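Please open the structure in your viewer and keep the selection panel at hand.

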Amino acid sequence: MNYDIVIIGSGPGGYVAAIRAAQLGLKTAIIEKYPTLGGTCLNVGCIPSKALLDSSEHYHNAAHNFKTHGVDLENLTVNLSQMMKRKTEVVKQNCDGIVYLMKKNKIDTYYGIGSFKDKNTINVTASDGTVTTLTTKNAIIATGSKPTPFPNIPLDKKRIISSTEALAFETLPKSLIIIGAGVIGAELGSVYARLGTQVTMIEYLGSMIPTMDATMGKELQKSLSKLGMKFFFNHKVTNINNKGESVDVTAEDKQGKTIQFEAEYCLVCIGRKPYTEALGLENAGVEVDEKGRIKVNEHLETNVKGIYAIGDVVRGAMLAHKAEEEGVFVAEWIVGQKPHINYLLIPNVVYTWPEVASVGYTEEELKAEKIEYKVGTFPFKALGRSRASMDMDGVVKILADKNTDEILGAHIIGPRAADMIAEAVVAMEYRASAEDIARMSHSHPTYTEAFKEACLAATANRALHM
Ligand code: FAD
Ligand code: NAI
């Protein structure tokens, strides 16, 4: 079969690229090696983790907050198999939705491993060994990423596990060691700590979510400590040992003092690495960089003309919405449009409770780049809406240019921060000043008032409710 464009990988990068390409009139095919579409995001990432975060949050609220709201419950228990069943159904609905979208947009779907024979020829090897050959003018590599294992200690998937196994426990672990206090550690740690698992986090650096604005990590740790989670920062893991029924982890602090941990499982979440296995990149002449990422230029084109790469397999944040933007970008670029992505304004969200969301520069980055800035903060506990819902942890932090008042960064930890960050993205895309936002009406009572108040605070320190 001949195509204008063939996309390898059906995650949020690949399937969105396919839809946009088809909308633009390109004859499009997509290849997926697994029997379900949607990639990491739908199958073992964003969607199942959010399903379990929502379920565990309901349980936590029922156990700890309902009584204060005047809702009394007796004999509350966790039904983990029902929680997992619902999660699986949510995943299936989403994956089926992608099959529908492919059909609706007349995109040919091939199930099997996609591999370049040469720059315009791609073989698809199905699970029964059948090979189908596709020829194409353009190709997009959207093969995503895989968990990074611990150096010299493989993930045995039984006791030493990745997020994939941690999303599918059959029984509730009594104890869980998490190595890496990044996004996966924070989210999956929250899920199981809420359900009653003793969660211990070991992190190499000095705080949680260390790449985000430092205020966020500090506040998040305070909130997660309330769930009983234990934290060991500045600790270097030196060994992990599967003992059959449990796992031992050895770590060293900065002074070289050794500390021993034991738990039922050890979740390793120390980042993800680009996935390019079996792609036959060498047959097409596509180059990768020192981190194994496919090298691309500013148009997401590889060193081979007509072959593009997007999402987790290239440089930049490993986020579903970043992959989606890149998918749209490439499809539009191929047909001669002039698309643009503002990478600075791709928001980052951690779906704990309180949620953490940020966009733009962190305070640490502004300092490093010697940009003069001012800070406006507003705590959720000063907000009527937060008192009504009892969601009082967290703060909004706005960073604005000291001279022009333009918003340079927005960092929110608090209720519904994940949704609220959209206001900051719009404001910053249109280069709003803190005063612009401070002068706009925000409905009362809502959490968004904290955003307005933080902008007021950044504008000559004139928050109204502090
Ligand atoms: P992927 O989604 O990884 O898809 C790549 C696809 O390519 C896979 O289906 C794979 O099977 C297929 N493939 C690979 N090689 C071949 C081949 N040779 N032939 C055919 N098919 C192939 N991001 C967010 O923005 N928000 C979140 O809340 C979020 N939560 C996450 C939670 C977890 C636990 C994890 C692990 C990740 C999460 N992410 C989240 C990250 C997000 O999942 C990724 O950034 C996103 O899926 C990347 O999309 P992609 O299209 O580049 O690749
Ligand atoms: P991460 O990069 O978020 O965090 C990894 C953490 O592990 C860092 O804090 C790092 O300092 C620490 N670390 C690295 N090596 C270590 C070692 N040897 N010992 C101890 N700690 C070590 O990576 P994570 O959590 O694995 O997630 C992978 C990616 O998946 C994220 O970067 C993100 O892009 C994506 N993701 C996004 C989510 C979201 O958007 N809500 C949710 C989950 C994942």
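Which side chain has an N or O atom 2.9 Å from a nitrogen atom of ligand 2? The side chain is that of Glu187. Before continuing, please note that this is a predicted model, in which local features need pLDDT of at least 70, side-chain atom pairs count only at pLDDT 80 or more, and totals for chains, interfaces and linings use all residues. Residues are numbered from 1 along each chain as its sequence is written, chains are lettered from A and ligands numbered from 1 in the order in which they are written, and side-chain values use heavy atoms, with hydrogens and water left out.

**Stop 1: ligand 2**

Select ligand 2 together with the 21 residues around it, of which Glu187, Glu203, Gly271, Met318 and Val349 come nearest. A residue is near a molecule if one of its heavy atoms lies within 4 Å of it. Next, display the polar contacts (pairs of N or O atoms within 3.5 Å; within protein, one must be able to donate a hydrogen and the other to accept it, and residues adjacent in sequence count only if both atoms are side-chain atoms). Ligand 2 on its own exposes 840 Å², and the protein buries 77% of that; accessible areas come from the Shrake-Rupley method with a 1.4 Å probe, and for residues only the protein chains shown count as cover.

Colour helix α7 (residues 183-195), which gives the largest share of this shell, 3 residues. Helices (H or I, at least four residues) and strands (E, at least two) are DSSP runs, numbered from the N terminus. Colouring by class then shows 14 nonpolar, 3 polar and 4 charged residues around ligand 2. Here Ala, Val, Leu, Ile, Met, Phe, Trp, Tyr, Cys and Pro count as nonpolar, Asp, Glu, Lys and Arg as charged, and the others, Gly among them, as polar.

**Stop 2: ligand 1**

Move to ligand 1 and select the 39 residues around it; Glu32, Thr40, Lys50, Gly114 and Ala320 come nearest.

For the secondary structure, select α1 (12-23), β2 (28-32), α2 (39-44), α3 (46-64), β4 (113-118) and α10 (320-334), each of which supplies at least two shell residues. The largest share, 4 residues, belongs to α2. By class, the shell of ligand 1 has 17 nonpolar, 17 polar and 5 charged residues.

Within α1, select Gly14. Gly14 is buried, with a relative accessible area of 0%; buried means under 20%, exposed over 50%, and partly exposed in between (1.4 Å probe, protein chains only).

**Stop 3: the second largest pocket**

Turn to the lining of the second largest pocket, 21 residues, and centre the view on Asn61, Asn65, Trp353, Met390 and Asp391, which lie nearest its centre. On a 1 Å grid over the protein atoms alone, a pocket is an open set of points with protein on both sides within 12 Å along at least five of seven lines, a cavity is a set where a 1.4 Å probe fits but cannot get out, and lining residues have an atom within 4 Å of a point. The pocket volume is about 600 Å³; grid points are joined across faces, edges and corners, and a volume is the space filled by probe spheres set on the points. The largest share of the lining, 3 residues, comes from α3. The lining divides into 8 nonpolar, 6 polar and 7 charged residues.

**Stop 4: the cavity**

Finally, select Pro147, Ser163, Ile184, Val268, Cys269, Gly271 and Arg272, which line the largest cavity. This cavity holds about 30 Å³ of space.
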